[in-house]
Amino acid sequence: MNVWVALLNLEHKFGTKASLGECVKKATAAAHPKRIHLHLAKIYEDAEETAEAAETYATAAKRFKTSKKVWSAYIRFELRGGDDAAARQLLQRSLQSLAKHKHVFVISKFAQDEFALGSMERGRTVFEGLLDSYPKRVDLWNVYIDKESKAGEFDSARALFSRLVTLKLSSKAIKGVFKKWLAFESVNGDAETTQQVKEKAKAYVQRLLETQ
């Protein structure tokens, strides 16, 4: 695979359109065709050859319409280009093509990409919709919290932690949340915010003991 990737890079840089096309044909026959298409699209994207990138992503989505990674990459491409409407249309198309168990992955990636490339508010809206449907998916909460934290929205991250520790989850899961929260405060908070989390954790443990 790495050899074909290197050849594609060389053909794009020094070859002709025809020689690159021939290289793509050979690469897809000999290596992982989905990865080849995605790498080719990325080559075009990095070279700011937008039309070629869009065409390659569209071809990949048609050929590998059951691939969550292909759809996510295509959606991210549109967001990078500033076309949120096109990205949302692709999201809807992806949900029609993908198996239901792949929907959360694609929607979560879309929310993350909105945070990074589009609108944080739109990203929040998508995350909130996911959490309404899957309130006990701690992994989704963690990704949401990480996005808020990386964006410097520390109070928003704290609000999410506060909501998360009130859910009816296993004691192991809640203890993991408190551990993550304390680590967050050690980097982004101060003595006061850290103490507040410790007090919440103690109160949680006390409630557990009272119910036993």
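The exercises that follow concern a predicted model.

**Exercise 1. Decide whether H5 and H6 are roughly parallel or roughly antiparallel to each other.**

Step 1. Take the axes of H5 and helix H6 (residues 84-97): they come within 8 Å and cross at roughly 170°.

Step 2. Angles over 145 degrees count as roughly antiparallel. H5 and H6 are therefore roughly antiparallel to each other.

Step 3. See who meets whom. From H5 come Trp71, Tyr74, Ile75, Glu78 and Leu79, and the residues they meet in H6 are Asp84, Ala86, Ala87, Leu90, Leu91, Arg93, Ser94 and Ser97. Sorted by class, this contact has 8 nonpolar, 2 polar and 3 charged residues.

**Exercise 2. Is Ser94 buried or exposed?**

Step 1. Locate Ser94: its place is in helix H6.

Step 2. Buried means under 20% relative accessible area. Ser94 has 0% relative accessibility, so it counts as buried.

Step 3. Look for what touches Ser94. Not counting residues up to four places away in sequence, Ser94 touches Trp71, Ile75 and Val106.

**Exercise 3. Work out how many residues of H7 are buried, and what covers them.**

Step 1. Helix H7 (residues 103-117) is the one to select. H7 has 15 residues and reaches 20 Å from its first C-alpha to its last, close to the 21 Å expected at 1.5 Å a residue.

Step 2. The buried residues are His103, Val104, Val106, Ile107, Ser108, Phe110, Ala111, Gln112, Asp113, Glu114 and Phe115. With 11 of its 15 residues buried, H7 is largely enclosed by the rest of the structure.

Step 3. The cover over these buried residues includes H5, H6, helix H8 (120-133) and H9.

**Exercise 4. Describe how H7 and H9 run relative to each other, and what H9 packs against.**

Step 1. The axes of H7 and helix H9 (residues 138-150) come within 10 Å and cross at roughly 10°. The two helices are therefore roughly parallel to each other.

Step 2. Here Val104, Ser108, Gln112 and Phe115 in H7 meet Leu140, Val143, Tyr144, Lys147 and Glu148 in H9. By class, the contact has 5 nonpolar, 2 polar and 2 charged residues.

Step 3. The buried residues in H9 are Leu140, Trp141, Tyr144, Ile145, Lys147, Glu148 and Ser149. They pack against H7, H8, helix H10 (154-164) and helix H11 (171-188).

Step 4. Follow the chain onward: just after H9, Gly152 takes a positive phi of about 80°.

**Exercise 5. Find how the contact of H2 with H3 divides into nonpolar, polar and charged residues.**

Step 1. For helix H2 (residues 17-30) and helix H3 (residues 33-46), the axes come within 8 Å and cross at roughly 150°. That makes H2 roughly antiparallel to H3.

Step 2. In H2, Leu20, Val24, Ala27 and Thr28 meet Pro33, Ile36, His37, Leu40 and Tyr44 in H3.

Step 3. These residues divide into 7 nonpolar, 2 polar and no charged.

How values were computed
Residues numbered from 1 in each chain as written. Predicted model: local features only at pLDDT ≥ 70, side-chain atom pairs only at ≥ 80, totals over all residues. Heavy atoms only, no water. Axes fitted to C-alpha atoms, helices over the stretch in contact; angles between N-to-C directions. Helix = DSSP H or I, 4+ residues; strand = E, 2+ residues; numbered from the N terminus. Parallel < 35°, antiparallel > 145°, perpendicular 65-115°, else oblique. Contact = heavy atoms within 4.5 Å. Nonpolar A, V, L, I, M, F, W, Y, C, P; charged D, E, K, R; others polar. Buried < 20%, exposed > 50% of the residue type's maximum accessible area, 1.4 Å probe, protein only. Expected span 1.5 Å × (residues − 1).
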